[in-house]
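User: I would like a close look at a single part of this model, with the cut-offs stated as you go.

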Number of protein chains: 2
Amino acid sequence: MSRTTIADVARVAGVSKATVSRVLAGQSNYIREETRQRVQKAVGELGYRPSDTARSLKSKRSCTLGVVGYGLEFYGPSCTISGIEQEASELGYTLLLHLIRQPETNNVEELLERMQSRYVDGIIWAVPEIGGNHAWLDDKKRWPSVPIIFLSTEPRPDRFVAAVDNYNGGLMATRHLIAQGCQHIGLITGPLDWWEARQRKFGWKDALESVGLPRKEGYVVEGNWSAISGEHGLTQLLSRYPEIDGVFACNDRMAVGALKMARQVGRRVPEDLAIIGYDDVQDAEYFFPALSTMRQDMVELGRLAVRKLGQVIEAKQNGATCPPEAVILQPELVVRASSLLRK
Amino acid sequence: MSRTTIADVARVAGVSKATVSRVLAGQSNYIREETRQRVQKAVGELGYRPSDTARSLKSKRSCTLGVVGYGLEFYGPSCTISGIEQEASELGYTLLLHLIRQPETNNVEELLERMQSRYVDGIIWAVPEIGGNHAWLDDKKRWPSVPIIFLSTEPRPDRFVAAVDNYNGGLMATRHLIAQGCQHIGLITGPLDWWEARQRKFGWKDALESVGLPRKEGYVVEGNWSAISGEHGLTQLLSRYPEIDGVFACNDRMAVGALKMARQVGRRVPEDLAIIGYDDVQDAEYFFPALSTMRQDMVELGRLAVRKLGQVIEAKQNGATCPPEAVILQPELVVRASSLLRK
DNA sequence: TCGATTTCTGAAATCGATTACATTTTATAA
DNA sequence: TTATAAAATGTAATCGATTTCAGAAATCGA
């Protein structure tokens, strides 16, 4: 039993396919009220629903957004995808989802082609910028003709980007520790081939410099975002510089690792050692002590990206152009016990 | 500049569209080697890629799976989607993703129709079974003609289902507490209109009954999966029955809330009170004390579902039928400090 | 060398919509 | 009552592939 088609409806309503199509298109496209009703009735009786596929083929639009994502097992990316879906849904788009396992994708072309061969109206590239994995962005020849927006990547003049201000996040986190009276503030960064990690590190650096606090070489340890790397990171920091009294861990997982290690080596948090993370993962306040952190609204980031992309798509359909733009979201300091005020 | 089409390739190669199509279809479809090469060459030069949309229209296949999901902000569902995508990708499918905000969706038809109008080859319904939100399953008239598999729902004779054995999970968690010497074991359940929550509760109940431990009415508190509800849950349990020395919280978030509350009211965990959660969320071992829990491999669940669905699709294409089946995955006990052995 | 196969290729129909263009019907003005 | 413009509908081409059917070319056995 195959789907009912527009031809079936036309037959039942006693009109041509064109008329059915016009009725369904809405708009006051020169349709007599009486005819409209006959068609509607037939549509209802047959439970007709147009084939989106056929429609896409003809119109070269699909009301679909292609999403290329990474790291869905983690909190941030999940929220981003969720936000993307929410906004897309509200705007009438469906998502074509592709997740990549290796952030250093080299089959970019293949991916873009696949989505375009499905006539997606736009693409959201939600893969963190790591090493040179976004280099293709600078090769104009490789730009797809479909609108595309990049998430969590370094803003580029000619591209649409939506990102959180990681630099400012690092700045704020570190300033908070400073305000709490920390004198020797260590840093556990994410992998430094991540753009976001570097930004947070810059923030930390500038915060220290601006108030003239010490910043020795060994104050920085590079983690890999995992909790265990946070543990190791803290161990290293403390072994090199026992005077360290504050640590900015560049994500909550590493912060939590540091928390555990601090407990293990008998440093009281926050009395001896203030710790702040980054992300504000779910239930961050239930770690012990409750984790201070930088909240970034990844759901909103996803929504923003889709909203922007929607504008670009619409503009394009009207033959207009949107000027490329970077939408930047500010993170927010969340103070909890792990960094709270010593005198 | 529009895409290059099969007609372009045909022209350049000096053959008919049919021939191009045959070459691209692979198989040894009666193509002379010389012709094949001419076509391949043209394909290469033009950078031709067939339109998946046109292809779907004609063939009524799309190499796409529709996914209806829920709760992507949470760990379990995220992993499930990730697993689905992994396996789908390996099997050559792309995903059409739709997330629902209200698990009591009433626009089931609309959703199914939308996916079918895109000729998805199969559908994965990954929405938890809550209240009567799966009642439509029992109405044969509403079954879509496309293969569909349900995740985390109660197995039904005529449907494909993939789920974790929550009953056994509850049983194992509780037995573990018993083995640790707990005599009065309370339960913080998830919302009892969730099928999964009820299953875990049954497991708890049967575990207690099978060894003749007490199971008073007030040993059960209903939470809502959130950490704060775990806090409240524990408060209630202890106020009613101070003798409680073990608690099975039906997810990690509530367990973590209980952990915090226990600390707050001065009950030592695990010495005075053993606590076990459910899910094994990321970094569960970094709570304090490290959280014992039931691990369920949601990634694998997603993969399993896709694998099964793939079989069903293939069978259908060959005119065969797969017998409906429930794929059940076993959870695994993960013992950490929060429930460890007192003598 | 010729007819019978087998291999190879092309023409045209098809999938299910949209839309440009043509045509008919209705309304309006002269 | 016409001529004419506007409204309503239909015809047929189109989107970009696949596939049936039929015809052409190559192969083969006698």
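Predicted model: local features only at pLDDT ≥ 70, side-chain atom pairs only at ≥ 80, totals over all residues.

In β11(B), which residue is the bridge partner of Val161(B)?

Analyst: The bridge partner of Val161(B) in β11(B) is Ala326(B). Residues are numbered from 1 along each chain as its sequence is written, chains are lettered from A and ligands numbered from 1 in the order in which they are written, and side-chain values use heavy atoms, with hydrogens and water left out.

Strands (E, at least two residues) and helices (H or I, at least four) are DSSP runs numbered from the N terminus, and two strands pair if DSSP finds at least two bridges between them. Strand β5 (residues 160-164) of chain B is joined to β11(B) by four bridges, and the two run parallel.

Both strands belong to an open sheet of 12 strands with mixed pairing, in the order β11(A)-β5(A)-β4(A)-β3(A)-β1(A)-β2(A)-β2(B)-β1(B)-β3(B)-β4(B)-β5(B)-β11(B). The edges are β11 (326-329) of chain A and β11 (326-329) of chain B; each has a single partner strand, so one side of each is left without a neighbour in the sheet. On average, neighbouring strands of this sheet are turned by 20° against each other, direction ignored. Axes here are lines fitted to C-alpha atoms, for helices over the stretch in contact (heavy atoms within 4.5 Å), and angles run from 0 to 180 degrees between N-to-C directions.

Further along the sheet, β1(B) and β2(B) pair in the parallel sense over seven bridges. Within this pairing, Val67(B) has Leu97(B) of β2(B) as its bridge partner. Strand β1 (residues 64-70) of chain B is mostly covered, with six of its seven residues buried; buried means under 20% relative accessible area, exposed over 50% and partly exposed in between (1.4 Å probe, protein chains only).

A helix of the other chain also reaches β2(B). Helix α5 (residues 75-91) of chain A lies across β1 (64-70), β2 (94-100), β3 (122-126) and β4 (148-151) of chain A together with β2 (94-100) of chain B. The helix runs at about 80° to β2(B).
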